[in-house]
Amino acid sequence: MSQTTPDTAESLEELVGFNATLGFRLVEWTPEQAVMELDIQEHHLNRSGVLHGGVMATLIDAVCGYCGVWRPQGEPPAKALTLTLTTNFMGQSREGTVRARAVRKGGGRKIFFAWGEVTDAEGNVLAMGEGSYRIRSSDPYSKPAE
């Protein structure tokens with residue numbers, strides 16, 4: 001399986017938790033969209049030897065959440081809480097880097113809607129999804145600073 005190489009894009013933000021464990025990288029983040037990448041490793045595969053659908057669904061969920069909470073530098077960060085997520089699978093990949101792109105499709109101050117897709121290195125669509133998200137400007141579950 002492919003490994004991270006020196007020409008692999010660095011993440012724009014240090015990802016934490018499950019997204020970090022899976023190896024996601026946030027490689028583009030603008031008011032218009034968010035883009036994440038993942039180098040497929042053996043532990044991302046299902047028992048048929050292809051990228052697990054749960055990994056693609058998680059990638060769509062993560063990138064859709066990011067696309068709705070971009071903030072200019074200096075403003076307090078915001079986070080997204082998933083309310084709904086629908087995912088459709090259309091293709092398979094066994095190796096290489098997959099790319100997920102999401103765009104905000106509407107919403108208001110607290111709730112937004114997003115659409116995203118996962119493609120392989122050749123641009124073939126592997127999965128697409130859409131969800132609704134609630135914007136949180138504070139994190140009631142974070143640990144207090146020590």
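Is Glu37 buried or exposed? In this predicted model, Glu37 has a relative accessibility of 12% and counts as buried, because the cut-off for buried is under 20%.

**Overall fold**

The chain holds two helices and six strands. Along the sequence these elements follow the pattern α-β-β-α-β-β-β-β. Of the 146 residues, 38% count as buried. The accessible surface of the chain comes to about 8700 Å², and carbon and sulfur atoms hold 50% of that area. Among contacts with a separation of 6 or more, 61% are between residues 24 or more positions apart.

The six strands form an open sheet in the order E1-E2-E4-E5-E6-E3, and their pairing is antiparallel. E1 and E3 are the edge strands, each pairing on one side only. From one strand to the next, the twist averages 25°. Strands E5 and E6 pair in the antiparallel sense over nine bridges, with E6 covering residues 125-136. Within this part of the sheet, Ile111 has Arg134 in E6 as its bridge partner. Helix H2, residues 53-67, packs on the sheet and touches E1, E2, E3, E4, E5 and E6. The direction of H2 makes about 150° with that of E2.

**Salt bridges**

How many salt bridges does a search of the whole structure find? The search finds three, and they are set out here.

| Salt bridge | N to O distance |
|---|---|
| Glu37 and Arg25 | 3.2 Å |
| Asp39 and Arg25 | 3.0 Å |
| Glu37 and Arg99 | 2.5 Å |

Side chains of opposite charge can pair when their charged atoms come close. The side chains of Glu37 and Arg25 meet in a salt bridge of 3.2 Å. Glu37 lies in strand E2 (residues 33-39) and Arg25 in strand E1 (residues 25-29), so this pair ties together parts that are twelve residues apart in sequence. Arg25 is buried, with a relative accessible area of 10%.

The side chain of Asp39 also meets that of Arg25, at 3.0 Å. This pair links Asp39 in strand E2 with Arg25 in strand E1, 14 residues apart. Both Asp39 and Arg25 are buried.

The side chains of Glu37 and Arg99 form a salt bridge at 2.5 Å. Glu37 is in strand E2 and Arg99 in strand E4 (residues 97-107), so the pair ties together parts that are 62 residues apart in sequence. Arg99 has a relative accessibility of 34% and counts as partly exposed. Through shared partners, the salt bridges join Arg25, Glu37, Asp39 and Arg99 into one network.

**A nonpolar surface patch**

Which residues make the nonpolar surface patch of about 320 Å²? Leu81, Leu83, Ile111 and Phe113 make this patch. Strand E3 (79-89) and strand E5 (111-119) each supply at least two of its residues. Phe113 is found in strand E5, and its relative accessible area of 43% makes Phe113 partly exposed. Ile111, another member of the patch, is the residue whose bridge partner in E6 is Arg134.

Key
Residues are numbered from 1 along each chain as its sequence is written. This is a predicted model: local features need pLDDT of at least 70, side-chain atom pairs count only at pLDDT 80 or more; totals for chains, interfaces and linings use all residues. Side-chain values use heavy atoms; hydrogens and water are left out. Helices (H or I, at least four residues) and strands (E, at least two) are DSSP runs, numbered from the N terminus. Buried means under 20% relative accessible area, exposed over 50%, partly exposed in between (1.4 Å probe, protein chains only). Contact means heavy atoms within 4.5 Å. Accessible areas come from the Shrake-Rupley method with a 1.4 Å probe; for residues, only the protein chains shown count as cover. A salt bridge is a side-chain nitrogen of Lys or Arg within 4 Å of a carboxyl oxygen of Asp or Glu. Patches are made of residues with over 30% relative accessible area and no salt bridge: like charges are joined within 9 Å, nonpolar side chains (Val, Leu, Ile, Met, Phe, Trp, Tyr) within 5 Å. Two strands pair if DSSP finds at least two bridges between them. Axes are lines fitted to C-alpha atoms, for helices over the stretch in contact, and angles run from 0 to 180 degrees between N-to-C directions.
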